[in-house]
Amino acid sequence: MTDTRGPQPQYEGYATGPLPGEREPAAGQAGPYHPPQAYRSPADGTQDGGTQGGVQGVGGTQATRLPRTGARTTPRTRKARLRVAKADPWSVMKVSFLLSIALGICTVVAAAVLWMVMDAMGVFSTVGGTISEATGSNESNGFDLQSFLSLPRVLIFTSVIAVIDVVLATALATLGAFIYNLSAGFVGGVELTLAEDE
């Protein structure tokens with residue numbers, strides 16, 4: 001078989017040059033390569049193992065961190081964005097029950113104090129006398145407002161209202177927790193942004 005391609009050019013770099021493993025190292029690269037350091041080492045080259053005031057350098061030397069220009073000196077207030085994903089109905093029911101009981105007690109005490117103040121001012125006697133004269137006749141003395149709005153009767157009526165309020169508030173708060181959980185499953189819940197106190 002004969003070669004019909006003719007004479008091929010000879011490349012000097014591959015024909016006469018040394019192989020990569022046979023090349024001599026350059027004069028400027030006698031030692032291993034060291035990347036540039038981010039922190040300057042101290043001039044004395046001590047081998048102190050501590051890291052106070054700087055960062056531990058390569059080979060145990062202590063490097064000094066350079067101050068950053070334009071660094072922020074005032075502390076930044078940290079903020080966290082949280083989301084209320086679910087409200088536990090049992091805990092909501094307990095908290096609402098206790099709060100409604102406290103509100104009911106406050107209602108009864110406020111009604112008793114208000115009745116005592118109005119009685120000391122003579123409101124019941126004045127209004128009761130006017131109503132008795134307006135509704136009275138020859139056979140009867142009319143409507144007695146003071147006996148109808150006595151303190152025990154007012155306290156009993158206020159206590160019944162407070163008990164009904166406790167039951168309704170607890171039931172509505174628990175139902176509201178269930179409704180919130182259903183709506184939070186669709187829209188993700190209420191998002192809150194909390195920040196540290198400076």
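Is Ser-96 buried or exposed? Let's keep that in mind while we get our bearings, and please remember that this is a predicted model.

We can start with two helices. Helix α2 covers residues 89-120, and helix α5 covers residues 151-187. They pack against each other with their axes 8 Å apart, at an angle of about 155°. Angles over 145 degrees count as roughly antiparallel, so α2 is roughly antiparallel to α5. As for handedness, the crossing of α2 past α5 is right-handed. And what classes of residue make up the contact of α2 with α5? There are 20 nonpolar residues, nine polar ones and one charged one.

Now back to our serine. Ser-96 sits in helix α2. Its relative accessibility is 10%, and buried means under 20%, so Ser-96 counts as buried. Which residues is Ser-96 in contact with, if we leave aside its neighbours within four places in sequence? They are Ala-169, Thr-170 and Ala-173.

Let's move over to helix α5, where we find Val-163. This valine has a relative accessible area of 53%. Exposed means over 50%, so Val-163 is exposed. Val-163 and Gly-104 are 59 residues apart in sequence, yet in space their C-alpha atoms are 7.0 Å apart.

Notes: Residues numbered from 1 in each chain as written. Predicted model: local features only at pLDDT ≥ 70, side-chain atom pairs only at ≥ 80, totals over all residues. Heavy atoms only, no water. Axes fitted to C-alpha atoms, helices over the stretch in contact; angles between N-to-C directions. Helix = DSSP H or I, 4+ residues; strand = E, 2+ residues; numbered from the N terminus. Parallel < 35°, antiparallel > 145°, perpendicular 65-115°, else oblique. Left-handed = near helix turned anticlockwise from the far one by under 90°. Nonpolar A, V, L, I, M, F, W, Y, C, P; charged D, E, K, R; others polar. Buried < 20%, exposed > 50% of the residue type's maximum accessible area, 1.4 Å probe, protein only. Contact = heavy atoms within 4.5 Å.
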